[in-house]
Amino acid sequence: MLTMEQIHHIKYLFKYKGKSLRRISSETGHHFNTVKKYVKKDNFNLKLTPGKSKPRKLSPYVELIDSWLEADLKAKPKQRHTAQRIYNLLTKQFPEFNVSDRSVRAYVSKRKKEIGLTAEGYLPLDHPPGEAQIDFGSAQFIEKGVMYDGHYLNLSFPYSNGGYLQLFKAENQECLLEGLKNIFEYIGKIPSHIWFDNMSTVVKNIRKYGKRDITEGFARFMLHYGFNSNYCNPDSGHEKGHVEGKVGYHRRNFLVPIPEFEDLQTFNKQLLLMCDEDMNRQHYKKRNLICALFTKDKAAMNDLPEVPFEVFRLEPVKADKYGKVRFENKLYSASPDYAVKELWLKVGAYSVEIMGQKYQTIVEHPRLYGEQIESMIWGPYLKLMAKRPTALKYTGFFKELPSTIQDYFDKCDYLEKKKSLKLFVSMLQTHDMAAVEKAFTESLRRELIDADSLLAIYNHLNSNLPEDNFINLPHNLPEVQKYSTNIEAYDLLLKGGQ
């Protein structure tokens with residue numbers, strides 16, 4: 001299999017140097033069919049295809065081996081099964097056993113880990129249509145009332161003086177690629193060349209004579225969209241001076257005053273529209289509207305591929321004893337069912353998806369940035385606890401619940417605790433923890449410790465009904481005389497009936 005760099009070189013020779021397939025095969029030393037395959041290939045998405053499990057000779061004995069290893073969790077280290085001891089026991093216990101000791105060692109080693117027994121370019125002076133430059137800038141913004149020290153991606157087009165920006169909470173590779181993808185899909189075209197500085201999300205290493213080693217994630221993205229990348233000399237940002245100026249222009253015109261909004265992705269869509277409107281002005285030199293010049297830019301660009309690129313990074317991770325995983329020093333909940341197990345993280349610019357070994361989705365979180373340190377999705381934990389309500393107060397994550405909710409469950413009897421836990425799970429599927437906590441607080445205030453009352457209070461608080469208020473009556477209303485019922489007439493009537 002060829003490296004990303006070799007594939008890019010083949011496509012570059014074909015697309016930009018106009019060389020034939022046979023000429024490329026001769027120059028690179030790759031087989032003609034290999035050259036033809038990669039010239040035609042336009043989808044470089046990373047495929048997450050679980051390997052097919054083949055029947056193994058060891059399969060009939062796996063359950064027994066697991067039972068021995070799980071029993072070892074209670075034994076002292078010096079009295080636990082070794083791989084050799086397991087092999088000897090199987091050979092002795094099963095005369096038909098026909099598995100190599102190497103296979104047994106491999107499985108035992110893997111299983112022990114799972115259960116916790118082991119731990120070139122140059123900047124041209126003249127910019128032809130279709131080329132672009134890229135850089136990040138820094139700016140604060142407020143999302144849902146929280147202030148972030150953010151970063152904004154700037155893609156500028158020197159020929160027309162057009163440009164676009166996208167705002168993010170970080171300057172990582174996922175944000176870079178997501179921003180570029182958003183702009184490509186919005187304008188419906190891809191620049192033929194894009195100029196970069198030596199940002200770490202793109203360039204791993206600078207070798208002699210300006211040769212760059214680029215990151216695999218960026219190489220895959222570049223091959224998928226079919227653009228060519230060029231790089232400035234180290235410490236020479238002026239070589240892409242157009243985008244350097246655009247960084248300041250975008251900040252002054254789109255990010256002052258500090259923008260405030262409810263959803264970052266929605267705001268980024270608005271920014272693209274604002275950039276289009278900004279192009280309805282005169283070019284500073286060419287005596288033409290920027291939007292008209294940008295039409296020529298787009299005519300020189302490449303078309304979008306049929307399959308969009310999915311921006312993510314795949315990271316292996318191991319859950320702790322509570323079924324939580326750590327990524328970039330942030331905690332994300334998975335499920336108690338996956339405690340001390342190997343998992344995958346599918347990390348995007350806005351989300352972190354936790355997956356099992358076969359890439360099945362367990363839970364998806366918003367990606368944490370800034371001062372945020374933990375994202376907790378309670379559903380998987382509470383579903384388990386609803387089956388065993390008496391064990392709730394002895395679990396580690398029970399102590400992480402808001403104190404009001406802890407107090408409520410401490411006062412519940414067995415049946416109400418079980419019903420209230422199921423109700424708690426359904427509440428969290430439609431509202432956040434803060435909204436749910438209000439219902440528990442009000443239930444405690446009214447001393448109503450039962451699931452039916454909790455549901456009624458929860459529905460009332462979230463139904464947008466007006467608050468209960470006393471009616472202020474005018475002072476001049478006539479006084480109502482007290483009326484007393486006389487039931488003697490009924491006594492006489494009943495006596496008469498007898």
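How do the residues lining the largest cavity divide into nonpolar, polar and charged? They split into four nonpolar, four polar and three charged, where Ala, Val, Leu, Ile, Met, Phe, Trp, Tyr, Cys and Pro count as nonpolar, Asp, Glu, Lys and Arg as charged, and the others, Gly among them, as polar.

Please keep in mind that this is a predicted model, in which local features need pLDDT of at least 70, side-chain atom pairs count only at pLDDT 80 or more, and totals for chains, interfaces and linings use all residues. Residues are numbered from 1 along each chain as its sequence is written, and side-chain values use heavy atoms, without hydrogens and water.

Let us look around that cavity (a set of points on a 1 Å grid over the protein atoms alone where a 1.4 Å probe fits but cannot get out; lining residues have an atom within 4 Å of a point). Its volume is about 50 Å³, taken as the space filled by probe spheres set on the points, which are joined across faces, edges and corners. Among the lining residues are Asn161, His250, Phe254 and Arg281. The elements β3 (162–168), α9 (241–254) and α10 (264–278) each supply at least two lining residues, and α9 gives the most, with three. Helices (H or I, at least four residues) and strands (E, at least two) are DSSP runs, numbered from the N terminus.

Now for a sheet. Four strands make an open, antiparallel sheet in the order β11-β14-β15-β16, with pairing meaning at least two DSSP bridges between two strands. Its edge strands are β11 (313–318) and β16 (361–366). Inside it, β14 (342–347) and β15 (351–355) pair over four bridges, and Lys346 stands opposite Glu353 in β15.

Key
On a 1 Å grid over the protein atoms alone, a cavity is a set of points where a 1.4 Å probe fits but cannot get out, and a pocket is an open set with protein on both sides within 12 Å along at least five of seven lines; lining residues have an atom within 4 Å of a point.
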